Amino acid sequence: MNRLDRLAAILIQLQSKRIVKAQEISERFEITLRTVYRDIKALQEAGIPIGVEPGKGYFIVDGYFLPPVMFTKEEASALLMGGKLIEKMADESIRKEFFSALYKIKSVLKTNDKEHLELLEDNIMVQKWFLAESESNKFIVPVQEAIAGKNVIEIEYYTYYRDKISEREVDPIGIVHYAGAWHLIAFCRMREDYRDFRIDRIRRIKKTNKNFRLRNRKSLKEYIDEQYKDVELQKIVIKVPSDIYKVMLNSKYFYGYVSEIRSGDFVEVTFMYGSLEYFARWLLSYTNGIEIIEPAELKTEIIKFINELSSHYCN
């Protein structure tokens, strides 16, 4: 990227958030901090009102706006790809707002780029495999607003294993996507502890007139780190025929894949995983094609499940 293009990109980055650290600019463009300082000075000398908060970063003075941004064909294609994912992985509240923004983006594209997107539109597909439409709720946007506004919210939450709806007052600290669903991580005032709520099981949300202080709550990263710090990972080594290993390629990363050694028609694969029980359930789907090298306890888990299945079906 030449310097002129970089200066324009830095200006857009400065408008993307309230404060931008010099380190963020340095990492994005792979330039030294000294070069960042020179680029910022060049923008200031060109008349761009860039302010500095000592120890924090740079900001654009309120009231200054760039003219409408033009997107490249590649950027528009990336947004189209993102839209395909959002269409299947987010609820109606997010889909509606995203596609509203996407229409605005399409409106400023060049004619050739619009035609390019139209050709791609029907030829990119994401299969929806985790939530039926009837199970989808419309609460991601209200949850986002509560997180940003540090608002205490009241929720009606359906607990699956109890088959019961309860009312909670919570301080939302973040949302995370795993196991095929979006989850709200929040401090539950009833339990006086942090809880994980699946957003598709929230039946109602109401914003209260109360706020909470971030410094009194864990960050989302702190919460996630704590969930995994006490998980003891176990080394698992298996020997897999090459033809079966091809089938495992898409799922091995969910089970702590570390490395592999190929030898003839077999692959020796090493994993680090926290539950032998769940790992054994996964291996059972590949029947008798796999040899367990270590640990011996994994064989015990496999035998236990085989005996349970045999007893169930023989009876």
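**View 1. Asn151 in strand E3.** Asn151 is part of strand E3, residues 151-159 (helices, H or I, of at least four residues and strands, E, of at least two are DSSP runs numbered from the N terminus). The model is predicted: local features need pLDDT of at least 70 and side-chain atom pairs count only at pLDDT 80 or more, while totals for chains, interfaces and linings use all residues. Residues are numbered from 1 along each chain as its sequence is written, and side-chain values use heavy atoms, with hydrogens and water left out. Asn151 counts as buried because its relative accessibility is 12% (buried is under 20% relative accessible area, exposed over 50%, partly exposed in between, with a 1.4 Å probe and protein chains only). Leaving aside residues up to four places away in sequence, Asn151 touches Glu145, Ala146, Val170, Pro172, Lys207, Lys210, Asn211 and Phe212 (contact means heavy atoms within 4.5 Å).

**View 2. Helix H1 and its cover.** Helix H1 covers residues 3-14. Its 12 residues, at 1.5 Å a residue, should span 16 Å, and the end C-alpha atoms are 16 Å apart, which agrees (the expected span is 1.5 Å times one less than the number of residues). The buried residues of H1 are Arg6, Leu7, Ala9, Ile10, Leu11, Gln13 and Leu14. Their cover includes helix H2 (22-29), helix H3 (33-45), strand E1 (50-53) and strand E2 (57-60).

**View 3. Helices H4 and H6.** The axes of H4 (residues 73-89) and H6 (residues 111-121) cross at roughly 30° and come within 10 Å (axes are lines fitted to C-alpha atoms, for helices over the stretch in contact, and angles run from 0 to 180 degrees between N-to-C directions). H4 is therefore roughly parallel to H6 (roughly parallel is under 35 degrees, roughly antiparallel over 145, roughly perpendicular 65 to 115, and the rest oblique). The crossing of H4 past H6 is right-handed (the near helix is turned clockwise from the far one by less than a right angle; anticlockwise is left-handed). From H4, Lys73, Ala76, Ser77, Leu80 and Lys84 meet Asp113, His116, Leu117, Leu120 and Glu121 of H6. These contact residues comprise four nonpolar, two polar and four charged (Ala, Val, Leu, Ile, Met, Phe, Trp, Tyr, Cys and Pro are nonpolar, Asp, Glu, Lys and Arg charged, the others, Gly among them, polar).

**View 4. Helices H10 and H11.** H10 (residues 276-284) packs on H11 (residues 296-314) with axes 9 Å apart and at an angle of about 60°. H10 is therefore oblique to H11. H10 passes H11 in a right-handed crossing.
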